Amino acid sequence: MEKRKKRIATGLVFFLIFMWVCTLVSKSIYASKLPMITTTRIESKYIEHTVETEGIVEAGAKLPVVVLSGLRVKELAVQVGDKVEEGDLLFTVDLEDLQEMLAEQETAASKVQLEIDAILHNKELAEAQKALEEARAREDYDALARYQDTLVGRAAEEVAQAEEELEELQEENREHESGDDEETEDEQEARLQEEERLKQQLQAAAYAEADAKWNRENTMKDAGRKVEDILTEEDVDATLNVYRTEVNRIRENMAAYQAIWKQEGKITASQSGMVTDLYVEVGGRVPDTASLLLADDEVACQFRTTLTKEQKSYVNLNDDVKLELDGKKAINVTIDYLAENENAPGTFTALVQLPEDTGMPGLSGVLKCSKAGEKQPCCIPLLALHDQNDRYFVYVVNEREGILGQEYYVEEINVSVVDKNDTWAAVEGALNTDSQIIASSTKEVTKGEVVRLAEP
């Protein structure tokens, strides 16, 4: 009996040990399947923003090299980025083509000169014709004046004669009236009628004289206007000046062509500098604008970069920034120009004037600018912040009693973002210094899920 009880007791112990082992194994298996997480707590810190953008060094000023347009390029002696000195060869032009252009210019100049000669000859003929017309008009004027004076004189003579006859008759009538001779009524009536006739004759002569004078005045006025019309200057014709300007331009071009011919078609630099832009090519024609641009050695270079709208919010005009050129040691510079690009709204161009003897056109660089905002009391690592449908939230860990004892589970807390950079975010919400915020997890976690904490 004692042995039986001992066996039962021993079996019970082994069973309990077995159950304990099974529980441990079950917990281990259960725990091994849970996500492993690490946690963090809120911190008080400054959210620093760093802008880093690439750009390129440009010439501070560019000098155009302008060559007579239309020339055909035979050989190029430089490329973009080449440094040239005054007198260095830039390119050569095709001499055979240049000779043809010279011949064409000579023909064009001859044609224009013929037009000029024709205009001058016609002008001489017109002036001679005008002088002849003026002389004839003046002769006609003088002859007409003499004729009209004669008519007026004749009318005046008739008036004088009528006055004289009237006065003689009136004198005779007075003598008869004062004499002793008696006159019949018929004789008196005859004398009165004769006197009346002479008065009417005088009146008619006076009217005729007035008409003659009025006719002379208007006739001479018309004749005088004909002379004035002939003397009036003709409308200005700019054709002659246009042709003269054209022939002068052609001759200037010919002189320039001839100068290039004497130089054997070689186009050289008139000043030193680096070739920044090239607008000619072998076999092509020289444009009527600049053939190439040279960086002005007397003006310091500048650095150009493009900023996004977000980057622009942390970079302002006259800000002090760091600049690394071609991976070399950073230098301190200032933002000298900052404006939105018209052809790309939402992007901004920033320019930095470089110190003298710093950089060269075409050199790449990196612009860096750091700014720290206000100190924020509640900051978390950016990896701990989640967003979904324009909503920000964080996962925190809390404890509770579970089937296998105390366990950790996930809660979700909504937050609003005050500020953030590439590594940290300043938030507002139901977080405090005791909140265990999930910073990382071996698996994706969800609200209410049980997790296990990584060993510190």
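These are my notebook entries on a predicted model of a protein.

**Ground rules.** I number residues from 1 along each chain as its sequence is written, and I leave out hydrogens and water, since side-chain values use heavy atoms. In this predicted model, local features need pLDDT of at least 70 and side-chain atom pairs count only at pLDDT 80 or more, while totals for chains, interfaces and linings use all residues.

**Overall form.** I looked up the secondary structure and found five helices and 21 strands, where helices (H or I, at least four residues) and strands (E, at least two) are DSSP runs numbered from the N terminus. The radius of gyration, taken over C-alpha atoms, is 58 Å, well over the 23 Å that the globule rule (2.2 Å times the number of residues to the power 0.38) gives for 456 residues, so the protein is more spread out than a compact globule. I also noted that the C-alpha atoms fill a box of roughly 225 × 80 × 35 Å along the principal axes.

**Burial.** I read that buried residues, meaning those under 20% relative accessible area with a 1.4 Å probe and protein chains only, make up 30% of the 456 residues.

I then followed an open sheet of four strands, which has the order β3-β9-β8-β5 with antiparallel pairing; two strands pair if DSSP finds at least two bridges between them. Its edge strands are β3 (62–65) and β5 (83–84), each of which pairs on one side only. I saw that β3 pairs with β9 (residues 292–295) in the antiparallel sense over four bridges, and that V65 stands opposite L292 in β9.

How values were computed
Buried means under 20% relative accessible area, exposed over 50%, partly exposed in between (1.4 Å probe, protein chains only).
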